[in-house]
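Trainee: Could you take me slowly through a single part of this model? I would like to follow how its pieces sit side by side.

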Amino acid sequence: MIPKTFKEVIDLGDGREISIETGKLAKQAHGSVVVQSGKCMLLCTVVSNYQAADVDFLPLTVDYREKFAAAGRYPGGFFKREARPSDGEVLTMRLVDRVLRPLFPKDYHSETQVMIQLMSHDETVMPDAMAGLAASAAIQLSDLPFECPISEVRVGRVNGELIINPTFAQLKESDIDMVIGASEDSVMMVEGEMSEISEEEMVEAIKFAHEAIKVQCAAQVKLAEAFGKKEVREYEPEDEDDELKKKIHDMAYDKVYAVAKAGSSKKERGEAFFNIKEEIKATFSEEELEEIGGLVSKYYHKTEKEAVRNLTLEEGLRLDGRKTDEIRPIWCEVDYLPSVHGSSIFTRGETQALATVTLGTSRDSNIIDMPSYEGEESFYLHYNFPPFSTGEARPIRGTSRREVGHGNLAQRALKGMIPDDCPYTVRVVSEVLESNGSSSMATVCSGTMAIMDAGVQLKKPVSGIAMGLITDTETGKYAVLSDILGDEDHLGDMDFKVTGTSDGITACQMDIKVKGLSYEILVKALMQAKDGRLHILKHLTDTIEAPREEVKSYAPKIVTKIIPGEYIGAVIGSGGKVIQELQKETNTTIVINEDPDTEEGIVEILGTDQAGIDAVIAKIDAVMFKPEVGSIYEVKVIKLLDFGAVVEYTEAPGNEVLLHVSELAWERTDKVTDVVNLGDVIDVKYFGLDPRTRKEKVSRKALLPKPEGYKERPPRNDRGGDRRGGNRDRKPRRD
């Protein structure tokens with residue numbers, strides 16, 4: 001018997017719909033929904049343990065996976081099953097996690113898992129845009145303590161018109177690709193890439209998305225009410241002691257405020273804060289600390305946060321002594337590494353990134369193989385964040401989700417500025433060597449300079465800045481902070497990163513922690529970010545004003561040549577013999593791809609020696625060489641035969657033709673060597689295919705004057721019979 005189901009439908013306003021259904025699948029989960037648009041279906045489940053974990057944070061895991069069966073495909077690899085998540089899946093997990101996590105109670109510490117799976121794929125629907133909706137809807141159907149429903153949508157803009165959840169085809173034409181997460185009354189997360197749009201256009205897109213999200217939040221409420229809203233579970237809250245809290249505040253506040261105001265370095269400030277905390281702990285006995293040590297630490301950190309925030313709001317000063325709109329000192333350098341194709345160092349305050357660029361062919365492109373998307377990236381960026389960059393020692397267990405996310409943000413910031421006709425595959429690697437505030441934006445800056453240093457003709461340089469916000473809802477005071485420190489990231493109400501050229505925004509990432517942030521404050525923050533971006537951009541262009549005109553001498557040069565499809569096989573040769581020998585002889589890398597639209601061959605020749613590249617081009621031209629009837633060509637004698645000479649076109653080495661002995665001279669030639677010898681270079685005229693022999697015909701004598709009194713020999717059938725007496729009467733054959 002099929003169980004009763006409950007369903008809500010959301011109208012996207014252009015004929016498309018999103019449905020949310022529950023009651024049929026995964027009923028043992030604490031909450032489960034199926035979200036569908038077209039043929040795309042996501043199953044989302046949420047489960048949270050009833051016992052709290054022995055930690056002082058929320059152990060939340062958001063997992064998003066795309067099943068290959070959803071697209072009717074097999075997974076790649078030997079084992080033919082889904083393995084570790086792809087970068088695309090990790091990025092979707094981060095988008096959902098960043099909106100959900102702040103809405104759980106601060107003192108809720110139970111192990112919680114939100115699992116989202118793509119079960120059916122539709123080529124016109126982008127499933128990641130519905131993952132946030134699915135996660136929130138499943139939580140609304142559970143008994144988990146959660147503040148309010150949220151949702152996420154993607155916004156595109158095609159021909160000036162904003163679109164909610166654009167299709168793959170629409171997104172290719174769009175100049176905006178943003179994912180916005182919000183509740184009914186507050187925007188909480190923004191991430192995306194743009195084609196140099198203005199701050200006002202960005203805010204307009206956010207407002208447009210928020211209106212659609214309000215409809216999706218209302219649909220979740222209606223579904224939960226129809227299904228039967230569950231009572232929120234009871235859980236053991238954290239211990240609180242108001243008297244102890246006041247005591248710690250009174251002991252620490254003034255001391256912390258004084259340290260914060262001193263404008264010291266990260267190390268000095270950290271040691272000073274540590275000493276204050278230790279002094280406070282020393283006022284308690286060991287027995288007391290064993291019982292309330294956790295509360296002492298918690299209340300101290302709350303006091304520290306309050307003091308630092310108040311310093312900024314009341315005096316306009318920050319932890320390192322800067323004003324709110326002041327950027328830390330910057331120094332840059334390019335061409336630092338002697339053997340890479342491009343390199344740069346960007347240092348801003350206590351944050352430093354070293355970027356390298358590697359140039360390659362299409363064979364080096366990044367292959368993306370997901371059920372929802374297959375393709376290649378000819379520009380990609382990898383970001384590494386080793387523990388020494390923050391003065392720590394910890395295990396390295398592969399690429400973290402944070403590294404994937406930060407690298408993706410920097411890649412999105414830069415990729416629109418790579419020329420469409422760039423012949424190279426470009427890989428940028430950012431090594432974060434020091435970190436105290438926005439290493440991802442340092443990666444954008446170092447990446448820009450390294451790309452220019454490599455000789456890639458970047459359309460425009462890109463810079464990035466991380467901004468913060470501190471607000472006081474009671475007094476209405478707020479402060480927008482430019483170029484935030486790591487500590488300011490944790491204590492602020494908004495962390496947003498903006499990248500762009502001098503003409504507009506290319507990428508952004510925002511996490512808004514305060515409810516009901518006004519668009520007026522958001523616009524002000526974005527305009528202050530613009531001033532900071534342009535300040536940083538000047539440092540970049542002062543270091544390297546424009547891309548180098550050529551790649552470095554030891555970097556590979558690349559030449560792209562288009563050939564007719566009929567010659568692809570000839571250039572490759574049987575079993576790849578021609579192309580392999582050519583690569584070996586010229587010390588080049590040759591890649592041939594077929595254009596599916598024109599069926600032409602796209603030949604990429606990569607090498608450090610221009611002579612080798614020229615030799616490859618000459619060989620390809622030789623393979624494609626077609627002499628024209630009536631034209632005169634220079635040839636070289638490469639072989640002598642009794643009945644003629646084999647000659648090679650000098651402009652197309654390897655292309656040979658027989659020069660028959662009868663075409664050497666007007667006079668009778670007994671020996672070929674009477675006229676030409678091996679290695680001689682002569683001119684011949686091309687006559688095309690000889691109708692009698694069906695072979696190509698060339699002639700030397702056609703270019704020579706006829707001897708005086710020369711008589712043409714009559715055609716063979718007019719010479720009084722052939723050698724076998726072809727014109728004589730034959731007797732009838734006897735049977």
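Trainee: How many bridges join β28 to strand β29, and in which direction do the two run?

Mentor: Happy to! β28 and β29 (residues 696–699) are joined by four bridges and run antiparallel. Before we go on, this is a predicted model, in which local features need pLDDT of at least 70, side-chain atom pairs count only at pLDDT 80 or more, and totals for chains, interfaces and linings use all residues. Residues are numbered from 1 along each chain as its sequence is written, and side-chain values use heavy atoms, with hydrogens and water left out.

Now look along β29. Its residue Lys697 is the bridge partner of Gly688, and Ser699 in β29 is the bridge partner of Lys685. Between β28 and β29 the chain makes a hairpin with six residues between the strands.

On to another partner of β28. Strand β25 (residues 632–641) is joined to β28 (residues 681–689) by five bridges, and this pair is antiparallel. For a landmark here, find Tyr633, which stands opposite Val684 in β28. Strands are DSSP runs (E, at least two residues), numbered from the N terminus, and two of them pair if DSSP finds at least two bridges between them.

Step back, and β25, β28 and β29 belong to an open sheet of five strands. Reading across, the order is β27-β26-β25-β28-β29, with antiparallel pairing. At the edges are β27 (656–660) and β29, each of which pairs on one side only. On average, neighbouring strands of the sheet are turned by 50° against each other, direction ignored; the axes behind that value are lines fitted to C-alpha atoms.

To trace it on your screen, start at the edge strand β29. Cross from Lys697 to Gly688, and go along β28 to Val684, where Tyr633 stands opposite.

Conventions
Axes fitted to C-alpha atoms, helices over the stretch in contact; angles between N-to-C directions.
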